[in-house]
Amino acid sequence: MHLTRLALTDFRSYTSVDVPLGPGVTIFSGLNGEGKTNLVEAVGYVATLASHRAAQDAPLIRSGAEQAIVRAAVTTAANDALVEIELNAGRANRVRLNRTPLTRPREVLGVLRTVLFAPEDLALVKGDPGDRRRFLDELLVAMAPRYAAVRADYDRVLKQRTALLKSAGPKGGPTRNQQSREAVTATLDVWDVHLAKAGAELLVAREHLVTALRPHVESAYLAVAGPGRGPAAIAYKRSFDSESQDTGRGTHGERVRAAEAELKAALIDVRTAELDRGVCLAGPHRDELELSIRDLPARGYASHGESWSMALALRLASFDLLRAGREDPVLILDDVFAELDAGRRDRLAALVATAEQVLVTAAVPEDIPGILTGARFTVAAGTLTPDAC
Ligand SMILES: Nc1ncnc2c1ncn2[C@@H]1O[C@H](COP(=O)(O)OP(=O)(O)OP(=O)(O)O)[C@@H](O)[C@H]1O
Ligand SMILES: [Mg+2]
């Protein structure tokens with residue numbers, strides 16, 4: 001698939017911009033702070049309904065404006081689609097697909113699939129477990145959009161169960177809301193069932209994903225870092241004791257049911273501690289995607305360059321998985337070449353050059369390997385100028 005057009009109104013630093021795009025490589029160059037990342041961030045938003053660098057939508061709306069609009073025209077072998085997203089300050093966002101309003105914004109997920117490489121990806125290796133869980137969940141949704149609903153269900157149950165735990169009051173303190181711990185406990189039983197059900201589905205899906213991703217990460221790491229530099233490995237670690245994870249046997253349904261039973265049992269084990277601390281201590285929100293290079297944890301051990309290569313390997317592996325048997329997702333490389341040595345730059349460029357559409361940003365165009373040639377735009381002060389070839 002590829003984008004044929006991206007139009008922004010009051011998005012980030014842009015008042016109004018309309019960019020024609022085509023298959024192949026498109027390069028956006030310009031000085032720091034001129035709006036290169038803002039452009040590709042908008043593309044990523046159309047694919048994921050989230051920014052790769054802002055947790056909230058507010059910074060995406062141009063300062064002083066009430067609303068931002070992102071329009072993207074997507075072409076696949078099967079059809080053309082026009083996605084229009086209205087980001088509203090203090091109100092719900094609205095999404096239209098081919099001019100028809102969608103009941104839920106998340107129905108648009110899957111229309112555009114992207115893999116975005118960005119400097120922020122270093123957090124996949126060096127950051128908190130939450131960064132790695134988000135990586136898995138976003139990839140899961142890109143692979144199968146129905147997981148957006150599974151994820152939303154789990155988040156809702158987790159929020160309500162956590163609120164209930166907090167309402168029991170801190171250990172030894174006066175019980176708030178005149179609710180005795182016994183009353184909370186009875187209600188907790190019900191929420192345990194919901195949490196285990198939604199949680200098991202999410203975590204087993206993540207485990208399947210990690211199993212599928214593993215060989216791609218291993219080979220992508222070697223491809224980027226060079227022969228003899230690995231092996232790199234990934235593993236999913238549940239937040240609770242589990243026999244069924246280790247055996248890895250059974251159909252998808254059987255694995256979900258086994259995980260559900262184990263998570264329910266784990267919740268009973270940790271209940272006293274949960275009531276004391278007012279937090280939910282078992283479930284996929286506390287699981288970890290473990291990354292290692294030559295059998296050492298990447299976090300805390302890997303060098304800066306190795307961490308970068310690991311982050312790139314995770315993105316390249318995502319690209320491999322997303323394109324297998326389907327149309328290529330749009331590849332976005334935001335400012336990644338500046339961080340790499342010449343060998344890694346060239347190897348990465350060779351790996352991505354075959355994608356149907358590649359959008360590349362760079363402050364220094366010379367950093368982009370020669371193999372990536374195509375349309376070029378200079379980005380300056382909120383305007384785009386096509387470069388004469
Ligand atoms: N909501 C907003 N309203 C107005 N301007 C904004 C908003 N959000 C970001 N900006 C401006 O956008 C600019 C950053 O744009 P962007 O991150 O796209 O730069 P860049 O070209 O990628 O730079 P670099 O080469 O440093 O990565 C900053 O000057 C910032 O002040
Ligand atoms: Mg940038």
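Biologist: Which strands form the open sheet, and in what order?
Modeller: S9-S10-S11, 3 strands with antiparallel pairing. Strands are DSSP E runs of at least two residues, helices are H or I runs of at least four, both numbered from the N terminus, and two strands pair if DSSP finds at least two bridges between them.

Biologist: Why is one side of S9 and of S11 left without a neighbour?
Modeller: S9 (232–237) and S11 (296–297) stand at the edges with a single partner strand each, so one side of each has no neighbour in the sheet.

Biologist: How many bridges between S10 and S11?
Modeller: S10 (residues 288–293) pairs with S11 over 2 bridges, antiparallel. Serine 292 is opposite proline 297 in S11.

Biologist: Helices now. At what angle do H4 and H5 pack?
Modeller: H4 (residues 147–167) packs on H5 at about 150°, axes 9 Å apart. That makes the two roughly antiparallel (over 145 degrees). Axes are lines fitted to C-alpha atoms, for helices over the stretch in contact, and angles run from 0 to 180 degrees between N-to-C directions.

Biologist: Which residues make the contact?
Modeller: Among them are Tyr147, Tyr154 and Leu158 of H4 and Trp191, Leu195 and Leu202 of H5; contact means heavy atoms within 4.5 Å.

Biologist: What lies across S9 and S10?
Modeller: H5 (residues 181–225) does, at about 175° to S9. H3 (residues 129–143) also lies across S9 and S10, at about 100° to S10.

Biologist: What are the ground rules?
Modeller: Residues are numbered from 1 along each chain as its sequence is written, with chains lettered from A and ligands numbered from 1 in the order in which they are written. In this predicted model local features need pLDDT of at least 70, side-chain atom pairs count only at pLDDT 80 or more, and totals for chains, interfaces and linings use all residues, while side-chain values use heavy atoms, leaving out hydrogens and water.

Methods
Angles under 35 degrees count as roughly parallel, over 145 as roughly antiparallel, 65 to 115 as roughly perpendicular and the rest as oblique.
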